[in-house]
Amino acid sequence: MQSKSSKNSAESPKDMTEYYKHLSLFWTDIIHLMSSKPQALTSIGPMRSFAANSKKISVELIEINEGLLGFNQYLTEYYKQLADVWGIAQKKVNLKSPKIPQDVEHIEAVKRIWIDIFDNDFTELFDSKKFGENYGNLVSKELELTKHWNNITNVILQSVNLPNKEEIDEVYKEIHSLKKRVSKLELEKEKRKNAK
Amino acid sequence: MQNESIIDPKIIEEILKFSKNIIEAPKLASAPDEINLEVTPHKVVQQIDKTRLLHYKPIIETKHKTPLLISYALINRYHILDIHPEKSWVRNLLEQGFEVYMLDWGTPTSMDKYLDFDDYVNGYLDSSVEYIKNQSSVEKISLQGYCTGATIATVYTALHSENVKNYIATAPVIDGWKDTTVISNLAKHMDVDKMVDTIGNMPPEFMYYCFSVLKPFEQGIEKYVKFFKNIDDKKYVDNFLRVEKWLGDTPPIPGELFKQWIKDIYQENLLIQNKMHVGGELIDLKKIDMPMFTQVAVGDHLVSPECSMPLHYAIGSNDKTLKIYPTGHVGMIASSFSQKKVLPEMGKWLAERS
């Protein structure tokens, strides 16, 4: 396993990540198993719960690293798109107004040209499919990272016996559903009252 | 030495003046936080959850029997319709003798993430309509929807046509596939399920991003340069700060509502195809059979005319008017142009039917 992973790690970043993921999980699991009994003896309450959940945190941290790779890829593309359009727009401005402005009127005219060309070119970019897709993927990756962070926070909250996000969401959903039912009942009551 | 360029002394003068304006700006202008955006006196007559129904105090004796309820957009706040005494949409309507109500959607919190179209249409908006009907002893009211508020009002009007005497749709968000704005491009590529699942409500930061991609150089740079250049112009500065304050105050949008709005309007475009469901009921735009007035702006870079106009052709009403104005999304409701052109035309149309 070691030699295969070592060999693979040299092949691609994905394999390398897999290797480190395995390595981390292996030691987390082993240490967790080795220490669970002594821990149970020596610790009580929240800290014991935290120790039991530490594996989940390790998994989330590893996945955050994986997610960061994808996030950086889309982020680089995002800035590349902006930089490319900036370059093209500036060339257009230079062509349209090659001389350095020498008086106030000329400065105003060049500024107007600059703003119009830049606004047009950037609007064209923001309106394009390639921008929309990359931006959508970038936000999606950012949300995935947030989700992992939420999951880590959930583990910490659970370890100190506080409700986590999913549990609070359940309460919100229940309140929403109850409010709807109460409104319907009130409406029904009003209708019956009016019918009498 | 002969090739040395001569700098126009006016340039130095302009730079010095601009610098002086920046230094003096805090003495001449209020901080946005100090500005009160609630211009026209009103009472809060009904409050459900975070929503408030506002009733504006009449300026002259009410001339028209049918009251008007305005369903404001979900983005930013209703203040833009009452931003300045001289540019107030609400005040103008009061001056024309209409009784005006406004539905303020409030500021949803995480607890409200499950609120959906059904809650907004059949809950908050319907409760407001029922309240006004009872208070004014009328069977039907006039309804106006602005921007995304018009999407909600359109759905309401299709579901409860028995309650609406006249319907005015101002820059309504209807046909997402035809929308040519940058916003629609972002909306079409958004993983809205993931966003709502992870964050809950649509965060204001996302809305700020959407605003920042709209004419980024005119709105992000030139606008502020003009502000400092005109710092001595009290009227200009006051108006600028009011609009800026309004632009910066974006409440979150409840997650479920946002999800349905993005999916049903921008991604799958169900509303205009009469395929959208709200509260288990199919929305059929042909059921909008009362007099209807649609207002669109040619220069609208938030909701393009192509997105709004299909509503005019999709409804069942025979008494319908479409007005296209040479202005923008905000210019149509809060400008000198709206006071001189848009409101008098709308008021005349509404007065004849109220």
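Colleague: What radius of gyration does chain B have, and what would a compact globule give?

Modeller: Chain B has 22 Å. A compact globule of 354 residues would be near 20 Å, so the two agree. Keep in mind that this is a predicted model.

Colleague: What box do the C-alpha atoms of chain B fill?

Modeller: Roughly 80 × 50 × 40 Å, along the principal axes.

Colleague: How many helices and strands are in chain B?

Modeller: 13 helices and ten strands.

Colleague: And what share of its residues counts as buried?

Modeller: In chain B, 59% of the 354 residues.

Colleague: Switching to chain A. What is its secondary structure?

Modeller: Six helices and zero strands. From the N terminus, the order is simply α-α-α-α-α-α.

Colleague: What share of chain A is buried?

Modeller: 29% of its 196 residues. The accessible surface of chain A is about 13500 Å², with 61% of it on carbon and sulfur atoms. Among chain A contacts with a separation of 6 or more, 73% link residues 24 or more positions apart.

Colleague: Pick a residue in chain A. Where is I88(A)?

Modeller: In helix α3 of chain A, residues 46–96. I88(A) is partly exposed, because its relative accessibility is 46% and that class runs between 20% and 50%.

Colleague: How far is I88(A) from K189(A)?

Modeller: 67 Å, C-alpha to C-alpha. In sequence they are 101 residues apart.

Colleague: Now the interface. How many residues of each chain are in contact?

Modeller: 40 from chain A and 38 from chain B. Together the chains bury about 3300 Å², and carbon and sulfur atoms hold 58% of it.

Colleague: Which three residues of chain A supply more of its buried area than any other three?

Modeller: F126(A), L143(A) and Y172(A). They supply 17% of the area that chain A buries against chain B.

Colleague: Is C147(B) buried or exposed?

Modeller: Buried. Its relative accessible area is 7%, and the cut-off is under 20%, so C147(B) qualifies.

Colleague: What about N269(B), what is its phi?

Modeller: Near 50°, again positive in a residue other than glycine. N269(B) lies in the loop between α10 (255–267) and β7 (277–278). At 2% relative accessibility, N269(B) is buried too.

Colleague: How many residues of α10(B) are buried?

Modeller: Ten of its 13, so the helix is mostly covered. Those buried include F258(B), W261(B), I262(B) and Y266(B).

Colleague: What covers them?

Modeller: The cover includes α3 (117–136), α4, α5 (182–188), α6 (192–199) and β7 of chain B.

Colleague: New topic: V237(B). Where does V237(B) lie?

Modeller: In helix α9 of chain B, residues 234–247. V237(B) is buried, with 5% relative accessible area.

Colleague: And what is V237(B) in contact with, leaving aside neighbours within four places in sequence?

Modeller: A29(B), F227(B), N230(B) and I231(B). S30(B) is 207 residues away along the chain, but its C-alpha is 8.8 Å from that of V237(B).

Colleague: Last one. What relative accessible area does Y167(B) have?

Modeller: 0%, so Y167(B) is buried. Y167(B) is in strand β6, residues 164–170.

Definitions and conventions: Residues are numbered from 1 along each chain as its sequence is written. Chains are lettered from A and ligands numbered from 1 in the order in which they are written. This is a predicted model: local features need pLDDT of at least 70, side-chain atom pairs count only at pLDDT 80 or more; totals for chains, interfaces and linings use all residues. Side-chain values use heavy atoms; hydrogens and water are left out. Helices (H or I, at least four residues) and strands (E, at least two) are DSSP runs, numbered from the N terminus. The radius of gyration is taken over C-alpha atoms; the globule rule is 2.2 Å times the number of residues to the power 0.38. Buried means under 20% relative accessible area, exposed over 50%, partly exposed in between (1.4 Å probe, protein chains only). Contact means heavy atoms within 4.5 Å. Buried area is the accessible area (1.4 Å probe) that two parts lose on being put together, summed over both. Accessible areas come from the Shrake-Rupley method with a 1.4 Å probe; for residues, only the protein chains shown count as cover.
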